[in-house]
Amino acid sequence: AKSDWSTFTVSSEETPNAVSGQDLFPGLASKPWVEKRKRAWGADSPRYAVRVKGNFPLQGDDTVFPLGVIDTAQARWFQDAAPDSDDIAIPVDEPGGPIDAGLDVARFGDDESVAKFRRGWWMGKAHVVSGLDTQALASWFIGHCKRLYPKQRVRVKVDGTGVGAGVVDALRRAVNEGEKWLTVVDVVSSAAASDDEYLNCRAQMAFHARKWLETVGAIPEDLELEGELVAIKYKFTPKGQIQIESKDDLRKRLGRSPDRADALVLAVWDVPGSDVPTETWSSPIVDSRWGNEGRGF
């Protein structure tokens, strides 16, 4: 019976290894292990409270990406990961189909520009670069695509608001100069949503990504990405529309910009009204284990 037991919680911060900074008991959480997750997730984040402190999750209903949704999506990735899938988003049973990419452009000196690549339901690991101007970033992205996906079609989505506009222009110039395999989509996150339930496109995109993660998405383990996703909150406007918290507020709580989360959201987003017909981006695989439903498209 429950009354026969006394229960207690031991935080990973309090293990002999973490307190002493030495590997006294192999297998227990170490000080570097704890510090790495504190930097990635934030000491006040729900994921840190659960995974490090051992507390029950205190996430409220205002969190866009619940912990369980992220864990499930990661479990799918590890279940289906190919041995050589560290850099190339090609699962064992979905080798064909076009590539969708999200490119989040660094807005401040300490931010990172992040590219995430997706093929259907499969999301590859983050590709990160910093210190590049808009033209250099566009050139880096094009070269990266050619290395990862030679002779394949790529559709990249970039938030063209602010500094991102320069990257959109540079990428489109490259297309006009011969890079016909690339399609560039300028996503304006502050624009009106196509669904009245959301205040703007940014909110609609975030919940589209949540649904993708809930139902079919497979993502690799990434501590920084996890910390950013679980930190994103939303609220309702006086008109009852869903609004995502501002990036400034999120940056203050996280201590950094949510670059990896933004790249994921862009990679998943299928832009309403895009000049790319939806049918040209569905998977051509006929014997897919997902019944040719193009999991994620």
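I began with the strands and found that valine 156 has valine 184 in β6 as its bridge partner. The two strands here, β5 (residues 154–159) and β6 (residues 182–187), pair in the parallel sense over 6 bridges, where pairing requires that DSSP finds at least two bridges between two strands. Strands are DSSP runs of E with at least two residues, helices are runs of H or I with at least four, and both are numbered from the N terminus. From β5 the chain passes through helix α6 (residues 164–176) to reach β6, and this β-α-β crossover is right-handed, meaning that the path from the first strand over the helix to the second runs clockwise when the strands point away from the viewer.

I noted that this is a predicted model, in which local features need pLDDT of at least 70 and side-chain atom pairs count only at pLDDT 80 or more, while totals for chains, interfaces and linings use all residues. Residues are numbered from 1 along each chain as its sequence is written, and side-chain values use heavy atoms, with hydrogens and water left out.

Next I looked up helix α7 (residues 201–215), which packs against α10 at an angle of about 80°, with the axes 9 Å apart; the axes are lines fitted to C-alpha atoms over the stretch in contact, and angles run from 0 to 180 degrees between N-to-C directions. α7 is therefore roughly perpendicular to α10, a term covering 65 to 115 degrees. Among the residues making the contact are Trp212 of α7 and Leu264 of α10, contact meaning heavy atoms within 4.5 Å.

Last I checked confidence: pLDDT, the predictor's confidence in each residue from 0 to 100, averages 79 over the chain, and 74% of the residues score at least 70.

Conventions. Angles under 35 degrees count as roughly parallel, over 145 as roughly antiparallel, 65 to 115 as roughly perpendicular and the rest as oblique.
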